[in-house]
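Hi there,

Here is the structure I promised to pass on. Have a look, and my notes follow below.

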Amino acid sequence: MLRTVVGQARFPRNAKPFITLPNFSPFGGAPSGQNNNEGQKYHERKMFPYKPKELYDVIANVSSYPQFVPYCTNSRILQQYKQNGETHMDAELSVGFLAFQESYVSKVICKPYESVEVFQATAASTMLFNELKTIWRIQPTSTRSPGEMNNTPDHPTGVVDNEGGPTLVTLDLTFAFANPVYALASSTFFKQVSQQMVKAFEDRCIHVYGRRSL
C-alpha cells in the first residue's frame, strides 16, 4: 500500500516535525568517500529513570506515534496477534518528508519489556525508502554494585532487580533512500533524527509518567 503526494507535506494538528530540514541542491556532491546509495546506520543509547515495563509500553504503543515521533503523520494498526510470547503487528505508517508524504506497511515485533522492532514490509522503486528499520532495546540496569545484587535462587548473582529503574534504552536505526537526491540530503541531518527520536520518547515518558531523575 503506497501513496505518494507531491507538494507540501501535510501534518495533522498534533504531529510536529522535530528537525528543521536543510536547504540543499541535488547538484551538490556527496561528502568525500560516501556512497549515498548505501544504507546508513545510527546507534543511540540513553539511561532512563523509568521501569522497563513503562518504557516498553511507550515504545510499543505504535498507534500513538503521530503524537510525538518525528515525521510520523499517521499510524493505523491493520493486524495484531500473539506468537511465541511476542506481539506482532502490521501497521500502516505515514511519513512526511520534504515535499512528499508516503504511506507504507511495517512489520512490528514486540518482545515484552525487552525490545520493539519495526521494519518496512512493503518495497517499491517509487517509495521513499528501500530500507527502513528501527530496533529499540530495553536493558535493566542497577545503581547498586555487583556485590549488592541479590544472590538467591530467584535472583542469581549478576541478575539485576530494578523495579524502579534505571533502564538503558538503545536505538538502532537503519535506512536507505530509494532516491539518491534524498540520500544526499540525509547525510546532512539524519544523525540528528536518530538523536531526536530518543529525545522524543524521553519527552513522551515525561508526559505520561512525570519527570524523574536517575
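Which side chain meets Arg137 in a salt bridge? Asp172 does, at 2.9 Å from N to O. A salt bridge here is a side-chain nitrogen of Lys or Arg within 4 Å of a carboxyl oxygen of Asp or Glu, and the count by this rule comes to 9. Asp172 lies in strand S8 and Arg137 in strand S7 (residues 129-140), so the pair ties together parts that are 35 residues apart in sequence.

A word on the source: this is a predicted model, where local features need pLDDT of at least 70, side-chain atom pairs count only at pLDDT 80 or more, and totals for chains, interfaces and linings use all residues. Residues are numbered from 1 along each chain as its sequence is written, and side-chain values use heavy atoms, with hydrogens and water left out. Helices (H or I, at least four residues) and strands (E, at least two) are DSSP runs, numbered from the N terminus.

Glu54 is buried, at 12% relative accessible area, while Arg212 is partly exposed at 35% (buried is under 20%, exposed over 50%, partly exposed in between; 1.4 Å probe, protein chains only).

Happy to chat about any of this!
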